[in-house]
Amino acid sequence: MPELPEMEHYRSQLSPLLCGQRISGVAVNRPATINEDVEVFKDALIGRIILFVERRGKHLLFHLDDGHRLHLHLMLGGWLAYGEQGPKKDSHFQVILTFADGNSLYFGGLRLGYLHRITAKVAIEQMKELGPDPFDSRLTLEAFRKRVAGKKGKLKTTLADQRFLAGIGNCYSDEICFDAQIHPAAAVSSLDDTSVERIYHSIRKVLTEATQAGGYMEHPLTPDDTVTGGFNEQCKVYDRKGEPCFVCGTEIKFETLTGRKMFYCPTCQKED
Ligand SMILES: [Zn+2]
């Protein structure tokens, strides 16, 4: 599932392409992807201008000039493409938005994911459970320590909890734990001050590096895009079961932790 780096990469790439663009066409091939009658959805969107694209955690909000938002959550398997032509047949995409300049934004793989047209008020309501963004300037080390204090869960589960921090999921929780050299199944309550500080810095370091590398999405965003997915080959533990640790050579271990995949180096990452 796309996480903060993937969605931030999409936001930064799409913003200059979409901002100020007027929607001239809407195709909906899977009505379950949207939240209202197809004709109502189309009528409401055609003629609207995208003012800007906002990211909240793993969510994207396309702000429209009538005060509504298009709320996108890619969930598992969702992806985006942009250009004069789609990388696959149009029928392959659940929704396509076409703009006055002839380019289109293609929404693919939205089986669990969705694209909902909502009011600003509903958007605020839907996002209110999200924890702070890891890059929020108010999330200082001291503020992070306060959020960690009293937490009872395991480290990986806590990092991937959207109410704790918004935007981290299965892949980056493992990468952050590896960077901080702490076992992902360590109890948060057992972490000392130094460990909490290492995690705080690793969160920003790993997410920054992954965003700059283009995240791990497989599909290019545009036909000439060579950046998207650049982080896929840079994961140090995620999806590397049995492969040697880049630091010590030990085989990367795979387990499940309360239903989540968990990859770690048993030598570099101790539980205490
Ligand atoms: Zn190692």
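Visitor: Is Asp 161 buried, partly exposed or exposed, and what is its relative accessible area?

Guide: Burial is judged by relative accessible area, where buried means under 20%, exposed over 50% and partly exposed in between, with a 1.4 Å probe and protein chains only. By that rule Asp 161 is partly exposed, because its relative accessible area is 22%.

Visitor: What should I know about the model and its numbering before we go on?

Guide: This is a predicted model, in which local features need pLDDT of at least 70 and side-chain atom pairs count only at pLDDT 80 or more, while totals for chains, interfaces and linings use all residues. Residues are numbered from 1 along each chain as its sequence is written, and side-chain values use heavy atoms, with hydrogens and water left out.

Visitor: With which residue does Asp 161 form a salt bridge?

Guide: A salt bridge here is a side-chain nitrogen of Lys or Arg within 4 Å of a carboxyl oxygen of Asp or Glu. The closest N and O atoms of the pair are 3.3 Å apart, and the partner is exposed, with a relative accessible area of 55%. That partner of Asp 161 is Arg 163.

Visitor: Which side chain of opposite charge is nearest to Glu 175, a buried residue without a salt bridge?

Guide: For charge, Lys and Arg count as positive and Asp and Glu as negative, while His and the chain ends are not counted. Glu 175 is placed in helix α6, and its side chain reaches a backbone nitrogen at 2.8 Å, that of Lys 236. The nearest side chain of opposite charge is 5.5 Å away and belongs to Lys 236.

Visitor: Where is Gln 181 found?

Guide: Gln 181 has a phi near 60°, a positive value in a residue other than glycine. Most residues other than glycine have a negative phi. Gln 181 counts as partly exposed at 44% relative accessibility, and its place is the loop between α6 (170-180) and α7.

Visitor: What is the phi of Asp 239 near?

Guide: Asp 239 sits in the loop between α7 and β9, and at 53% relative accessibility it counts as exposed. Its phi is also positive in a residue other than glycine, with a value near 65°.

Visitor: Which residue in β10 is the bridge partner of Phe 254?

Guide: Two strands pair if DSSP finds at least two bridges between them. Strand β9 (residues 253-257) and strand β10 (residues 260-264) run antiparallel and are joined by five bridges. They form a hairpin with two residues between them, and Thr 258 in the turn has a positive phi of about 40°. The bridge partner of Phe 254 is Phe 263.

Key
Helices (H or I, at least four residues) and strands (E, at least two) are DSSP runs, numbered from the N terminus. A polar contact is a pair of N or O atoms within 3.5 Å; within protein, one must be able to donate a hydrogen and the other to accept it, and residues adjacent in sequence count only if both atoms are side-chain atoms.
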